[in-house]
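Try each task on your own before reading the solution.

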Amino acid sequence: MKRIISLFLVLLMVFSLSTVVTAENSNKQDVYAQYVTQTSDDEIIPTINVDVAWGKMEFTYTVTETKKWNAATHMYDTILSDGEWTATGNTVTVSNHSDTEIVASFAYESDPSYSEIQGRFSKSKVVLTAAEPTTTPSAEVSLDLTGKLPASATTMQKVGTITVSVEEAMLPETVEESALPNNDDSNYLENMKLGGSFADGTAVPVIADDQSLVISATAASITASGLAIENADDLSARHVTFDVYYRLQGNSTDYYHVFLEASRIELGLARYNFYCNFLSTGMHLVFDVDQTYEFVIAVYVDGENIGYGETTLEWTQELADKLA
Amino acid sequence: MLRYSKLIMASLLFITTVAVSVAIWSLYFREPDVVLTPDYAPKETEPNAEEIPGDSDVKLEVEDGGGAIGIEYVPKVTIDLSKREAQLSFSNPGKSTQDVVLQIVVQNIVLVQSGRIEPGNRVQRLSLLDGIEKMLSEGGYDGKFVILSYDPASGEKSMVNTEAHITVDVQK
């Protein structure tokens, strides 16, 4: 009996093997392959890649000494001219190899021993577009010194330090001119200014202690809009916001657009002053020194548009320093 | 005699209270020592620095007497409090003409200061300065890399510092 069972099992195994072999021979299966590029769903972490190069940064303060005969003392008096600064290698160049726009800012800090000497860059801030295969966006700025160097500094002394700050650019969105809210004359607010003086019809930019730039509009204009805002207390209790559009004067480019909130409202001489902190936008607002910018500003009270005004602003070094 | 014992007990209690107060202040409230920026490059290179694979050593063009650095970094740093280290990506590529020392600064407090990082090297982890882990709690912070440049020959600090905005994520 055991022999029969063993024989049966052996035969079963043999047939099983042969079945496998037969199957392999009769069912050839082709194998296919395909190359697919898949974009990762992971967050892309930008890598910033920047070159910063600087020159010798040596400055010479030259004073001309003139001898003048003094008939009273029968001696020569020494007269010193105002000093003049000349520079050797006073440039800083920043180049962007990143795949993202960057903002580079330049600052000069006086050494405590030479606090009377101030440094100013030709541009306090530059925006560099993302690098492209054939181009490396770069910008060069130069440093000038002002102030008097003591006569004791007859050899090269360290008078200050330069800091170049780099970060990914967060620029305001741009808006086409046709999208601006300045197409309705009935909604026009007269005498809107970025600044605090109307004496000669021009705006004098005012920076408050909290680094707010003041937007002024005549109280009459706002009252005339039908909101019946009669005193500052009424307006102060309300939520006043602005859509600010700006571009370089005379340019036909799109406008930059930022949203501002009035952190403080005061009723001045027949006008409201709204204190708005431009830095609170978190955006890099890039203005070039000694350039004039045109602004269109729409005003909202509790979310309701009450009109718009237009003004210009000359961006000065003083403004740049205060809002740095 | 009883009065004398009470006096000793009161004194011991006072001394114990002062000792405990000093210990608590030292552990939880004492600010770390102020970190000074070195005027000359540290002689020791950063122990965590490693060579950048496949990096070129063709130097940037520099005016006579000037300097140049090429920096590459990810603007996001993670601080692992349990390991007392910062995890980051920062390179001083071979094209730089300067050695650099890297600081990680948050709210004007220097959390990390590297040793000297020579051109062609990168760091991916740096140790926290002593006591910093007691000042930090979990969460996100705005911070900056402060990159101090030093002449490799003289070791003198350059008059140009570079700063870069980063975000710092602190984890336990």
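This is a predicted model: local features need pLDDT of at least 70, side-chain atom pairs count only at pLDDT 80 or more; totals for chains, interfaces and linings use all residues.

**Exercise 1. Decide how the rings of B:Tyr73 and B:Phe145 are arranged, and state which strands they tie together.**

Solution. 
Step 1: take the geometry. The ring centres of B:Tyr73 and B:Phe145 are 5.7 Å apart and the planes stand at 85 degrees, so this is an edge-to-face pair.
Step 2: place the residues. B:Tyr73 belongs to strand β2 (residues 67-73) of chain B and B:Phe145 to strand β8 (residues 139-150) of chain B, so the pair ties together parts 72 residues apart in sequence.
Step 3: Over all chains, the structure holds 12 aromatic pairs. Another of them is A:Trp69 with A:Tyr76, whose centres are 5.1 Å apart with planes at 75 degrees, so that pair is edge-to-face too. Here A:Trp69 is partly exposed at 46% relative accessibility, while A:Tyr76 is exposed at 54%.

**Exercise 2. Work out which strands pair with β8(B), and in what sense.**

Solution. 
Step 1: start with strand β5 (residues 99-106) of chain B, which pairs with β8(B) in the antiparallel sense over 7 bridges. In this pairing, B:Ile104 has B:Phe145 as its bridge partner.
Step 2: turn to strand β9 (residues 160-171) of chain B, which runs antiparallel to β8(B) and is joined to it by 9 bridges. There B:Ile147 stands opposite B:Thr162.
Step 3: B:Glu163 and B:Lys144 form a salt bridge, with their closest N and O atoms 3.4 Å apart. This pair links β9 and β8 of chain B across 19 residues. B:Glu163 is buried at 17% relative accessible area, whereas B:Lys144 is partly exposed at 25%.

**Exercise 3. Say whether B:Val112 is buried or exposed, and list what it touches.**

Solution. 
Step 1: find B:Val112 in strand β6 (residues 109-113) of chain B.
Step 2: read its relative accessibility, 0%, which means that B:Val112 counts as buried.
Step 3: collect the contacts. Leaving out residues up to four places away in sequence, B:Val112 touches B:Ala86, B:Leu102, B:Gln103, B:Ile104, B:Leu126, B:Ser127, B:Leu128 and B:Leu129.

**Exercise 4. Identify which parts of chain B the salt bridge between B:Arg122 and B:Glu50 links.**

Solution. 
Step 1: confirm the bridge; the N to O distance between the side chains of B:Arg122 and B:Glu50 is 2.8 Å, and the limit for a salt bridge is 4 Å.
Step 2: B:Arg122 lies in strand β7 (residues 121-127) of chain B and B:Glu50 in strand β1 (residues 50-51) of chain B, 72 residues apart.
Step 3: B:Arg122 is partly exposed at 24% relative accessibility, and B:Glu50 is partly exposed at 30%.

Terms used: Residues are numbered from 1 along each chain as its sequence is written. Chains are lettered from A and ligands numbered from 1 in the order in which they are written. Side-chain values use heavy atoms; hydrogens and water are left out. Rings of Phe, Tyr and Trp (its six-membered ring) pair if their centres lie within 6.5 Å; planes under 30 degrees apart count as stacked, over 60 as edge-to-face and the rest as tilted. Buried means under 20% relative accessible area, exposed over 50%, partly exposed in between (1.4 Å probe, protein chains only). Helices (H or I, at least four residues) and strands (E, at least two) are DSSP runs, numbered from the N terminus. Two strands pair if DSSP finds at least two bridges between them. Contact means heavy atoms within 4.5 Å.
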